[in-house]
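Start with the structure itself.

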Amino acid sequence: TNYQSLLRLARIGQINPLMGADPSSYKGAQVVVDNDTFIIPLEGVIDIAAEKSRLEKALAASQKERDSIAKRLENPAFVEKAKPEAVEKARADHAAHAAEAERLVAALRRLG
């Protein structure tokens with residue numbers, strides 16, 4: 001079963017399935033297998049404070065890059081004078097950093 005496979009992969013003894021509960025109310029790693037969502041408690045497994053610090057640094061860097069690219073894209077001189085490929089790359093980079101920032105915010109929220 002998915003449950004048994006997940007136990008073996010995570011090398012742990014027990015995982016509590018959500019059974020319809022809101023996943024955002026649980027702290028830990030969320031794993032989705034097919035249509036099942038499992039929460040793996042991380043307290044005592046990893047240093048939560050260190051992980052939060054790492055995620056906060058990554059979030060700050062991603063937000064800084066996102067905002068820098070946004071300013072470049074808001075500059076009419078850049079959009080008008082730059083090669084279309086450069087503008088498209090900047091837009092793609094902006095979208096990637098915005099998505100990464102959202103992912104990191106969600107990860108921080110899950111850690112509490």
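The largest nonpolar core has nine residues: Leu42, Ile48, Leu55, Leu59, Ala101, Leu104, Ala107, Leu108 and Leu111. A nonpolar core here is a set of buried Ala, Val, Leu, Ile, Met, Phe, Trp, Tyr and Cys residues joined through side-chain atoms within 4.5 Å. Buried means under 20% relative accessible area, exposed means over 50%, and partly exposed lies in between (1.4 Å probe, protein chains only). Helix H2 (48-74) and helix H4 (84-111) each supply at least two residues of this core. H4 gives the largest share, five residues.

The model is predicted: local features need pLDDT of at least 70, side-chain atom pairs count only at pLDDT 80 or more, and totals for chains, interfaces and linings use all residues. Residues are numbered from 1 along each chain as its sequence is written, and side-chain values use heavy atoms, with hydrogens and water left out.

**Overall fold**

The protein chain holds four helices and three strands. Helices (H or I, at least four residues) and strands (E, at least two) are DSSP runs, numbered from the N terminus. From the N terminus on, their order is α-β-β-β-α-α-α. The chain has 112 residues, and 21% of them are buried. Take contacts between residues at least 6 apart in sequence: 50% of these join residues at least 24 apart. Contact means heavy atoms within 4.5 Å.

**The H2 and H4 pair**

How do H2 and H4 pack, and at what angle? The angle is about 155°, and the axes are 8 Å apart. H2 is therefore roughly antiparallel to H4. Axes are lines fitted to C-alpha atoms, for helices over the stretch in contact, and angles run from 0 to 180 degrees between N-to-C directions. Angles under 35 degrees count as roughly parallel, over 145 as roughly antiparallel, 65 to 115 as roughly perpendicular and the rest as oblique.

The residues of the contact of H2 with H4 divide into 16 nonpolar, four polar and nine charged. In this scheme Ala, Val, Leu, Ile, Met, Phe, Trp, Tyr, Cys and Pro are nonpolar, Asp, Glu, Lys and Arg are charged, and the others, Gly among them, are polar.

**Residues of the pair**

Ser62 sits in helix H2. Is Ser62 buried or exposed? Ser62 is buried, because its relative accessible area is 5%. Beyond neighbours within four places in sequence, Ser62 contacts His97, Glu100, Ala101 and Leu104. Ala101 and Leu104 also belong to the nonpolar core.

His97 is in helix H4. His97 counts as partly exposed because its relative accessibility is 25%. With neighbours within four places left aside, His97 is in contact with Ser62, Glu65, Arg66 and Ile69.

Arg91 is another residue found in helix H4. Its relative accessibility is 41%, so Arg91 is partly exposed. Not counting residues up to four places away in sequence, Arg91 touches Leu73 and Val79.

Arg109 lies in helix H4 too. Arg109 has a relative accessible area of 59% and is therefore exposed.

| Pair | Apart in sequence | C-alpha to C-alpha |
|---|---|---|
| Arg91 and Ile69 | 22 residues | 7.9 Å |
| His97 and Lys64 | 33 residues | 9.0 Å |
| Arg109 and Lys52 | 57 residues | 9.6 Å |
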